[in-house]
Amino acid sequence: GAEPASAAPAAARDTRPPSHFDYERFRQSLRHPVRGRRPPEDPETRTRRMKVKEMMKFAWDNYKQYALGKNELRPLSKNGHIGNMFGGLRGATVVDALDTLYIMELEEEFQEAKKWVEKSFDLNVNGEASLFEVNIRYIGGLLAAYYLTGEEVFKNKALELGEKLLPAFNTPTGIPRGVINLGRQETCSFFSPCSGMSWSWGWASAGSSILAEFGTLHLEFLHLSELSGNPVFAEKASSSHLGVMNIRKVLNKVEKPQGLYPNFLSPVTGNWVQHHVSIGGLGDSFYEYLIKSWLMSDKKDSEAKKMYDDALEAIEKHLVKKSAGGLTYIAEWRGGILDHKMGHLACFSGGMIALGAEHAGEEKKQHYMDLAAEITHTCHESYARSDTKLGPEAFRFDAGSEAMATRLSERYYILRPEVVESYLYLWRLTHEPKYRQWGWEAVKALEKHCRVEAGFSGIRDVYSTTPIHDNMQQSFFLAETLKYLYLLFCEDDVLSLDDWVFNTEAHPLPINHTNFKAKAGVQ
Ligand code: DMJ
């Protein structure tokens, strides 16, 4: 194995190079107003959009009343939940909700959220945090809020928090570990290396890092470099392995079984630890960030595009299957053996494949659009075949089962967004009315089974019409599920795909219509 990477440079605030980011110029570079031009539309679509807005207000108001400053609302017991994912950081729901409130023109509520960030969001915390979760929810949420509003407070908090994440990259390969202590960084500065403050998850095999975690940093970290003027987030500085570009180098070097990317990699050796491949949990957003990195670079990052194209080809060859009943699904792969199961998380892939299809070679375009539509149809079936019309955490295509959960432990629904996320992309890219119809079915089901007196709750069994609630309003319900549903009933120029890519928590980050790399100092 290689020697440990050297110091984490330029982490201290006073050594930060001045930022040259010109917010006004950025706004002028956008092709559409962020909240659209509001052309006339049919009354039904408007009513549906207003319904989703009302749901967001209800979710926010209850969080504010019972749990402001905690990470999530517990809507049955009417209190807050803190959990252990964010290392002492608080207000996950506030940060996740900011851009949705803004887009929905819930002005008063947006101001309440902003005030909390200004006055109460404390970054001087001590605790073990998930690098991935802090990145997608907090960094992503703050960056999006900044780009949408130009309010400096969001940018400053994002940069300050981003610096706290850098020590996670101090591994022999530069592949970050999954857990970072946000507090123990007193010795971390340009001149004194910071080390020993990150760990692998106890449950991840042999101290490995997880593909979907270290592969889901690129979009946010490029923006941290863009806004700070400091290349350290994007690319290694001096001889260290810091920076997300290095992750690709490691992945390009390691041999991939059948062209597939397994879920676990050793940050010490840079080799795979197990041969489990999944487009759902543990793998999912790695693939998403490849195609979105290319889009965000205004189609200049051809390395990302090639990695995406090759990965998708291998996935299609080895993992995509059709059930006896004619449903297309993406199976999981364990050292060559297929597990005929699809997780709710894997349902984001309909949207991803549609997004990529637009930019595939002429001969492949229609093929990938068809594949995307088929997967989205299968995911809709997993909803349609349940009694609540909400989909289970995982569904199977074995032992006579088709798009239904077969295990008790997989019947729950925790307000996840992936299925409606695919409806949004398919709607935007095809304008087939069924996607809006399916989204509306989901709205009705959420209202019927998940809305409780003080917010929205997940349910334990989608096949029971007297659902047992899990007493948790996940922050991604406000960041993602409600945002995607709202956008489904908007015109296409609201957060247009010409201007924005959504990070994996649905936080919009701008496409760089100028040359990103030159600005960030990336080679
Ligand atoms: C979110 O935090 C993100 O969408 C992530 O990519 C996967 N899990 C949740 C939602 O299900």
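In this predicted model, α5 (131-149), α7 (211-214), α10 (284-296), α14 (418-430) and α16 (475-488) each supply at least two residues of the lining of the largest pocket. Helices (H or I, at least four residues) and strands (E, at least two) are DSSP runs, numbered from the N terminus. Residues are numbered from 1 along each chain as its sequence is written, and side-chain values use heavy atoms, with hydrogens and water left out. Local features need pLDDT of at least 70 and side-chain atom pairs count only at pLDDT 80 or more, while totals for chains, interfaces and linings use all residues.

The largest pocket has a volume of about 680 Å³. Its lining comprises 28 residues, with Phe132, Glu133, Asp284, Leu345 and Arg416 closest to the centre. A pocket here is an open set of points on a 1 Å grid over the protein atoms alone, where a 1.4 Å probe fits and protein lies on both sides within 12 Å along at least five of seven lines; lining residues have an atom within 4 Å of a point. Grid points are joined across faces, edges and corners, and the volume is the space filled by probe spheres set on the points. The top contributor to this lining is α5, with four residues. Sorted by class, the lining holds 13 nonpolar, five polar and 10 charged residues; Ala, Val, Leu, Ile, Met, Phe, Trp, Tyr, Cys and Pro count as nonpolar, Asp, Glu, Lys and Arg as charged, and the others, Gly among them, as polar.

Of its 21 lining residues, Glu358, His359, Leu497, Asp498 and Ile511 lie nearest the centre. Two or more residues of this lining come from each of α14 and β17 (500-502). Nine nonpolar, four polar and eight charged residues make up the lining of the second largest pocket.

Glutamate 505, in the loop between β17 and β18 (508-510), is buried, with a relative accessible area of 2% (buried is under 20%, exposed over 50% and partly exposed in between, with a 1.4 Å probe and protein chains only). Beyond its neighbours within four places in sequence, glutamate 505 is in contact (heavy atoms within 4.5 Å) with Asp96, Ile136, Arg137, Ser475, Phe476, Ala479 and Glu480.

Aspartate 298 sits in the loop between α10 and α11 (302-318) and has a positive phi, near 60°, although the residue is not glycine. Aspartate 298 is partly exposed, at 22% relative accessible area. For alanine 403, phi is likewise positive and near 60°. Alanine 403 lies in the loop between β14 (394-396) and α14 and is buried, with a relative accessible area of 0%.
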